[in-house]
Amino acid sequence: MIEVIDEASPSELPRVLHKNSWRLSWILALVVISFGLCAAAAYVWINIDTILARSSAREPALIGLSPEDTEALSEVRSGQQKAVDEIAVLNGNIGAQQAELKRMADRIEALTAKIESLQSSLVAASAAASAPPVPSQPVAHPYLRPARRAVQPSKSEGPISVGGAPLMPEPGASQH
């Protein structure tokens, strides 16, 4: 059996073992590229302030312009900044109005629920009122009117003194 293993030909080896050289070169190239990108990112991260300062100093629009044009351009930029600020204020107002609208919608929803519950209880009460009354309990009507008393004028039985002096009974009038 040892003789069989020793006699193995190179063609019987797996493919992975045959082509190692090209894979190693690709891996090495990827490592070198990754290292270069990391070094460039570190340089930019460290020197970001100087890079931004250089780019703002080299504004090509300001180089060949006359003083009047530069002044007009600065006015346009200040106008743009004011417009941006006004838009931010308007967006804030819109957000506040939307929050207020949401709060009002919630209140309307709560009031609608109360109205519906009151209407359902009114329907239940009217259904109970339309049922035949039980003789032992008086029926409560939802719309009661106060009873009016019949006022009758008092009957006078004789002469009435207006000024407060005592009156003399008339001769021939019977006294009670």
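**Reading the surface and helices of a predicted model**

Colleague: Glu100 is partly exposed, with a relative accessible area of 35%. Which residue does Glu100 form a salt bridge with?

Modeller: One caution before that: this is a predicted model. Glu100 pairs with Arg103, and their closest N and O atoms sit 2.2 Å apart. The cut-off for a salt bridge is 4 Å, so this pair makes the list. Arg103 counts as partly exposed too, at 39% relative accessibility.

Colleague: Where do Glu100 and Arg103 lie?

Modeller: You'll find both in helix H6, three residues apart, which is about one turn of the helix.

Colleague: And how many salt bridges are there by this rule?

Modeller: The count comes to two. The other pair is Asp106 with Lys102, where the closest N and O atoms are 3.4 Å apart. Asp106 and Lys102 also lie in H6, this time four residues apart, again about one turn of the helix.

Colleague: Are Asp106 and Lys102 buried, partly exposed or exposed?

Modeller: The idea is to compare each percentage with two cut-offs: buried is under 20% and exposed is over 50%. Asp106 has 37% relative accessibility, so it counts as partly exposed. Lys102 reaches 53%, so it counts as exposed.

Colleague: What share of the protein chain is buried, then?

Modeller: Buried residues make up 0% of the 176 residues. The chain exposes about 17,200 Å², and carbon and sulfur atoms supply 65% of that area.

Colleague: Let's talk about patches. Which residues form the negative one?

Modeller: Look for Glu68, Asp69, Glu71 and Glu75. Take Glu71 as your landmark: this residue is in helix H6, which covers residues 67–130.

Colleague: Which residues make the nonpolar patch?

Modeller: That patch is built from Tyr43, Val44, Ile48, Ile51 and Leu52, and covers about 440 Å². H4 gives the largest share, with three.

Colleague: How many helices and strands does the protein chain have?

Modeller: Six helices and zero strands. Reading from the N terminus, the order is α-α-α-α-α-α.

Colleague: Which elements have the lowest and the highest mean pLDDT?

Modeller: Think of pLDDT as the predictor's confidence in each residue. Helix H1 (residues 2–6) has the lowest mean among the elements, 53, while H6 has the highest, 92. Over the protein chain the average is 77, with 59% of the residues scoring at least 70.

Definitions and conventions:
Residues numbered from 1 in each chain as written. Predicted model: local features only at pLDDT ≥ 70, side-chain atom pairs only at ≥ 80, totals over all residues. Heavy atoms only, no water. Patch = residues over 30% accessible without salt bridge, like charges linked within 9 Å, V, L, I, M, F, W, Y side chains within 5 Å. Areas by Shrake-Rupley, 256 points an atom, 1.4 Å probe, with all protein chains shown as cover. Salt bridge = Lys/Arg side-chain N within 4 Å of Asp/Glu carboxyl O. Lys, Arg positive; Asp, Glu negative; His and termini not counted. Charge placed at Lys NZ, Arg CZ, Asp CG, Glu CD. Helix = DSSP H or I, 4+ residues; strand = E, 2+ residues; numbered from the N terminus. pLDDT = per-residue confidence, 0-100. Buried < 20%, exposed > 50% of the residue type's maximum accessible area, 1.4 Å probe, protein only.
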